[in-house]
Amino acid sequence: MSIFSRKKIVPAYPGFSWLSQDIHSHILPGIDDGSPDIETSLQLLNSLHDAGISKFICTPHIIGDLYHNTPQTINDALGKLKKAVYQNGLDVEISAAAEYMLDDHFMELIRNKEPLMKLSGNYILTELSYATPPSRLEDISFEININNYQPLMAHPERYPYYHNNYEAYSRLKELGFLLQVNLLSLTGYYGKYVAKAAKYILENNLADFVGTDLHHFNHLNVLTDTKSIEMFEKYLGHKVYNVFPSISQHASTGT
Ligand SMILES: [Fe+2]
């Protein structure tokens with residue numbers, strides 16, 4: 001029997017109609033700092049579905065010295081969650097990619113031509129350390145570009161070393177990164193400097209994608225709070241986010 005059969009949550013807000021899909025989350029069970037088990041994953045997915053999101057690309061961390069995930073560990077977790085989603089009659093579509101820390105392990109993967117887990121087409125999700133600014137981003141982006149991947153930089157607004165240097169966001173774009181802002185950043189969840197940077201990126205039309213970066217129930221509660229929903233609508237409601245161009249469009253624009 002479905003774990004949701006006794007309790008039906010009725011959404012009290014208009015939802016995420018401007019979001020075609022979520023492309024960044026840690027809701028695969030037990031393989032990084034996100035959901036610890038299948039039951040939690042199901043509860044998170046069910047609540048997001050009730051809030052109006054029904055398509056998810058799950059992106060577990062791959063960090064050389066911390067979360068040594070591989071396509072195998074990620075696809076295994078995806079398989080388990082897909083089975084549970086089906087058994088519980090949850091009407092959501094889930095797939096998986098990864099959130100790659102741009103560290104030595106990543107450089108090894110890309111130089112060894114290991115296949116990377118892609119969001120769609122040739123798009124990969126990347127992140128930087130919060131503590132230390134990247135020392136050789138030019139080299140890393142060069143390797144990414146010559147291997148024909150299109151990188152999306154996760155939550156550029158969260159890196160403290162860019163807070164006094166907003167020019168860095170344009171520089172990331174010059175290096176070939178598209179920018180993915182976290183929804184929670186807008187709400188002030190990560191602090192006022194992150195919120196200010198997120199608004200700067202959006203107001204200057206530098207944001208290409210947005211994501212929940214959902215790890216746990218605290219994130220869920222803030223994301224689905226009525227005030228948050230109103231704020232998202234104000235900043236994001238004028239277009240539909242997270243639609244990947246089709247392969248043919250991609251080829252014709254050369255982006
Ligand atoms: Fe993340």
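Me: What should I know about numbering and confidence before I start?
Reply: Residues are numbered from 1 along each chain as its sequence is written. Because the model is predicted, local features need pLDDT of at least 70 and side-chain atom pairs count only at pLDDT 80 or more, while totals for chains, interfaces and linings use all residues.

Me: How many helices and strands does the chain have?
Reply: Helices (H or I, at least four residues) and strands (E, at least two) are DSSP runs, numbered from the N terminus; here the chain has ten helices and eight strands.

Me: Which residues touch the most other members of the largest nonpolar core?
Reply: A residue is buried if 20 or more other C-beta atoms, placed from the backbone, lie within 10 Å of its own, and a nonpolar core is a set of buried Ala, Val, Leu, Ile, Met, Phe, Trp, Tyr and Cys residues joined through C-beta atoms within 7 Å. In this chain 37% of the 255 residues count as buried, and in the largest core, of 62 residues, Leu 28, Tyr 100, Leu 125 and Leu 179 touch the most other members. Helix H1 (residues 38–51) gives the most to this core, with five residues.

Me: What is Leu 125 in contact with, leaving aside its neighbours within four places in sequence?
Reply: Two residues are in contact if their C-beta atoms, placed from the backbone, lie within 7 Å; for Leu 125 the partners include His 24, Thr 59, Tyr 100 and Leu 152.

Me: Where do H3 and H4 meet?
Reply: Met 107, Ile 110 and Arg 111 in H3 meet Ile 140, Glu 143 and Ile 144 in H4.

How values were computed
A residue is buried if 20 or more other C-beta atoms lie within 10 Å of its own, exposed if 12 or fewer, and partly exposed in between; C-beta atoms are placed from the backbone.
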